[in-house]
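Thanks for coming, everyone. Let me put the model up, and then I'll walk through it.

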Amino acid sequence: HTGGISFDFFRKPIGIAYSLFILISLFSFFNATNLNESILYFSKIITVFTACFLLFVVLSANINYLQLIALTLSFLLIYDAFFVFYKITDFIFGDLEAISDITSVYSNKNILASALFVKLPAALWLMFFTKGWMKRVGYFAAFVAMLATFILSTRSFYLGLVGISLALSGFVAIRYLVFKQKEHLQTLGYFAGLLILAFVIYSVSQKNVFPEGKEQVLNKGVVTRLSTAMVNPSDNMRIDSWSRSFKLIAEHPLLGVGTGNWKINVLKYENQVLDDYTYMYKNHNDFIEVTAETGLIGGTAYLAIFLLVLISFIRAVFSKAGKEERIKLLFLPAFGILAYSVDAFFNFPANRPEIQILFALYVSAGAVFSIRKTDRPDKKIPTQPILSWLSWSTVVLLIASSSYILFLNTKSLHYQRLVKEDLNNNEFTHEASFFVSNYP
């Protein structure tokens, strides 16, 4: 049975687009300046692809796991939010130097903000499609997540909250105006009220409780923080980096510069304008970086993964014959991938394992629910045992190989960190021979 399900993934439009992206990423090796870097980065993306494939099998076997996923993510959302509340009191009372030091189990503030925002659709799903205590959990998780997002003062997710709010409003408006469905109007009203309440609490606290003259960049109101994104756009490092990436795309439109090689090839432009030898190792836009590394075909296949999830949901929303159950199944992956897209447009979640877990969840759910068996005749395609055995053997081999390569990467990062700490402290605690003999 699992053999048949596993092959279903490669017959779904989302699975086809994802598989094409993996294949093009492999072909991009031919253009790689640094082949080791391509192998390392390919190990990362094939690991996420494998996770997505396995989650597809699990969700295909039992669609009720979607509710468990939404609940789990919502409780994690509450935990992350309360950590932010705990640490912001330290900031207020002088025990924490800066808001940027609020990191929780993540490596920096921005990843924590991303984890909050990209998990928010799970709380929204509970709000719109459950009853009783689970619905109340959704309301509470959404409120604390939005309040924590305001506190972390990340402009991209301020914009993201606006985008999610508009998307929710559009969804409810279509179902009401076109199909006269009223059941979601009240939930949307509660969401709007919680968003406004979170905004007011943060704004009042920031103005009257947060210490003045401390953390000048992040300790500002929402409107002030957003306005800084519009000042001197030509000096914005992101925009400059995107511009350099478009040059790489124009030079290598077919297969790109090689997966994982953006940071290497962009140096020929970057080091002409930056003279301090500190360079960007990510482009701060995964869509542009993927296209630069894998070419226009690879970039289109990657974008198609997102679009196909969203299109499946939009078709269900506009479908006259569409049942509420179909919308319920597609809501979480659609809004999840929409939230992830905000992060991918301004940051680099493709390089962050914590966020890639969420990406795999949303894409696998989108693939499972994009075309249900009730939508068209179920055409049985016989699966030979040998093919099933080969598919699962390939999965195991990919996981094992990637695990070993990523183990070496972790080891190398450990030694790089030792060097960085020595440089920061201006003292050298290890002999050069120690690094030469141990560095993988």
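I start with a polar contact: the side chain of N283 meets the side chain of S241 at 2.7 Å. By polar contact I mean a pair of N or O atoms within 3.5 Å; within protein, one must be able to donate a hydrogen and the other to accept it, and residues adjacent in sequence count only if both atoms are side-chain atoms. Before going on, some ground rules. This is a predicted model, in which local features need pLDDT of at least 70, side-chain atom pairs count only at pLDDT 80 or more, and totals for chains, interfaces and linings use all residues. Residues are numbered from 1 along each chain as its sequence is written, and side-chain values use heavy atoms, with hydrogens and water left out.

Back to N283. The N283 side chain also makes a polar contact with the side chain of S245, at 3.0 Å. Where does N283 sit? N283 is in the loop between α12 (267-270) and α13 (286-318). Helices here are DSSP runs (H or I, at least four residues), and strands are E runs of at least two, numbered from the N terminus. N283 is buried, with a relative accessible area of 0%. Buried means under 20% relative accessible area, exposed over 50%, partly exposed in between, with a 1.4 Å probe and protein chains only. Leaving out residues up to four places away in sequence, N283 touches S241, W242, S245, W262, I288 and E289. Contact means heavy atoms within 4.5 Å.

S245 belongs to helix α10 (residues 237-251). S245 is buried too, at 0% relative accessibility. A polar atom of the S245 side chain lies 3.0 Å from the backbone oxygen of S241. Beyond four places in sequence, S245 touches W262, N283, I288 and A292.

**Helix packing**

Next, α15. Helix α15 (residues 353-370) has 18 residues. From first C-alpha to last, α15 reaches 25 Å, close to the 26 Å expected at 1.5 Å a residue. That expected span is 1.5 Å times one less than the number of residues. Why call α15 largely enclosed by the rest of the structure? Because 15 of its 18 residues are buried.

One of its neighbours is helix α14 (residues 324-346). The axes of α14 and α15 come within 9 Å and cross at roughly 145°. Axes are lines fitted to C-alpha atoms, for helices over the stretch in contact, and angles run from 0 to 180 degrees between N-to-C directions. The crossing of α14 and α15 is left-handed. Left-handed means the near helix is turned anticlockwise from the far one by less than a right angle; right-handed means clockwise. On the α14 side, the contacting residues include L329, P333, G336 and Y340. On the α15 side, they include F359, Y362, G366 and F369.

Compare a second pair. α6 and helix α8 (residues 185-208) pack at about 35°, with axes 9 Å apart. This crossing of α6 and α8 is right-handed. Among the contacting residues are Y139, F143 and F150 of α6, and Y190, F191 and Y202 of α8.

One more helix residue. S156 is in helix α7 (residues 155-177). S156 is buried, at 8%. Beyond four places in sequence, S156 touches V342, F346 and N347.

**Two positive phi values**

Most residues other than glycine have a negative phi. S104 has a phi near 55°. S104 sits in the loop between α4 (65-92) and α5 (109-129). N426 also has a positive phi, about 55°. N426 lies in the loop between α16 (385-425) and α17 (432-438). Buried or exposed? S104 is buried, at 18% relative accessibility, whereas N426 is exposed, at 66%.

**Confidence**

Last, pLDDT, the predictor's confidence in each residue, from 0 to 100. The protein chain averages 89, and 93% of the residues score at least 70. Where pLDDT is low, the predicted coordinates should not be read in detail.
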